[in-house]
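These notebook entries record what I looked up in one structure.

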Amino acid sequence: MNRLYLAAFLLVSLTGLSGCFGMFGITRTESDLYTITKRDTTIRQDVRNAPGDRDNGTIYPSPRTVEISRTYVQLDSTVNRYYPDFLRFGVLETAGFIGIGQSDSGGGNGIFGIYKSLELKSPDSTKIFGSAMYRVLPYERVLHAFNDAPDWTVGTAAYETFVIQKDNNAAVSPDERLSGVLPLYVRKRFFLRDKPPYVMVVPFFGVGLLPSQYVNLGATIDVGSYGGFNLRAYAGYVAGSTLAFRDRNTTSYDVNFPYFGIGVSALDFVYKNEELNVEWKDQKHSAIEVSAFEADLVYATSPLADSIPARLTDTSNGFPTGFIVKLATATYPLPFADGHFFVGTSFLNVMKMSSSEIALGFLPIRAGYRVTLIKPDLNLEPFAELTYYPSTIYHVGVRASLKIYDWTQLSVMAGYVNGTPHFERVISEPTLQGVGDFSTFYLGVGIGLGDVFHTPEEVIRP
């Protein structure tokens, strides 16, 4: 898949994330109607003695009066309870397939399908990962079939595509892909581990109708979901065709191939059938932080070295000089020091410290220590991060984050970045020819959207 496909894939994913709550049902609401009855009785006694003396033995009318008042009020009260309404809901899923396709210097999707090339070649200079699969917004519900047999699901996705590189041309032609909008899938889960992170074998059958017509049959071994991240091993066969219109002529392009590979998914949450009867507020958590999107505006303090061309757009050293963006982040507590030490990753990490200081990477490794200053809204965390592909980035810093609203947090951060872009591995844009190695300190402010925090005490351990 070329860079245009990758950019479109990430754009569709972000757009789909913003509208996914309206597209699929993710919450089931159950209501209990109560009638509240309030009864109140007030008794008032008064004694009014007649003036003057009284003779004993003479019967007088009782001077005591008793006033009894009763009130009766009825109110209707509705209590709502909220439950998950899906067995799986995700945002991004990618996979790289082994031994399929003949991609040379122009292709190679790499492990997980997101690494353009791992520089791993067979003796004939063919990349190992010659085909890939990309899926946006996978969604599954309970399938009430086979006499309500457990662990059957029916699902779809907003979009999915299978790509096979048949030659060394980086462009993907119609006879090298099958794509589906809202394909239909039926799956059966066999749990090998029924506690998070779940391990299960999942045979499946899928059909796509538009824009390609295809069937997809196979099975996966799933490990997850842990903070929304899943690892999968794939084996299957996909076959179909795509109609293309060229110069008023209709041409059918057939694509079929077996596939074997490894994939990853982010912001992808999986539930068991019995967990659908546990309210959202009582659900267990597997990460201390899950974030859909983080963006920081930064001020880089590095001088313009002779070896690095002048910044193309910077006319001064004013704020900001660049940005740091992370997509689909999860952070996990380590099983010591009361869970304050953590490790984490992101699906995509992009750094642009200035016009000539640019780097990016998939699935970086991050570790650090979190201190809760005001529980649970204000946190401070020193961290170290390594991005290894396609760019090599060493990043250390400290971040303070404050929750300002549900699923939204503000942060300030400071750190040091040392990066080697390695863009020659994946692209050869003329506008990036001046990009080179860089090293800089920085200050930044940012915002996180779709950001959920939990304390270490709220997180279950594997």
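I take helices (H or I, at least four residues) and strands (E, at least two) as DSSP runs, numbered from the N terminus. The model is predicted, so I note that local features need pLDDT of at least 70, that side-chain atom pairs count only at pLDDT 80 or more, and that totals for chains, interfaces and linings use all residues. Residues are numbered from 1 along each chain as its sequence is written, and side-chain values use heavy atoms, with hydrogens and water left out.

**Entry: positive phi**

I looked up Leu267 and found it in the loop between strand 13 (249-266) and strand 14 (269-270). Its phi is near 50°, a positive value in a residue other than glycine. I call a residue buried under 20% relative accessible area, exposed over 50%, and partly exposed in between (1.4 Å probe, protein chains only). Leu267 has a relative accessible area of 8%, so I list it as buried.

I then turned to Asn147, in the loop between strand 5 (129-142) and strand 6 (152-164). Asn147 also has a positive phi, near 60°, and is not glycine. Is Asn147 buried or exposed? Its relative accessibility is 81%, so Asn147 counts as exposed.

**Entry: cis peptide bonds**

I noted that the bond from Leu210 to Pro211 is cis, with omega near -5°. Pro211 sits in the loop between strand 10 (198-208) and strand 11 (212-226). Tyr389 and Pro390 are likewise joined by a cis peptide bond, with omega about -5°. Pro390 belongs to the loop between strand 21 (378-387) and strand 22. I recorded these bonds and the phi values because most residues other than glycine have a negative phi, and most peptide bonds are trans.

**Entry: Ser241**

I located Ser241 in strand 12 (residues 229-246). Ser241 is buried, because its relative accessible area is 17%. Which residues does Ser241 contact, leaving aside neighbours within four places in sequence? I listed Leu178, Ser212, Gln213, Ser252, Tyr253 and Asp254, where contact means heavy atoms within 4.5 Å.

**Entry: Leu402 and strand 22**

I placed Leu402 in strand 22. Its relative accessible area is 38%, so Leu402 is partly exposed.
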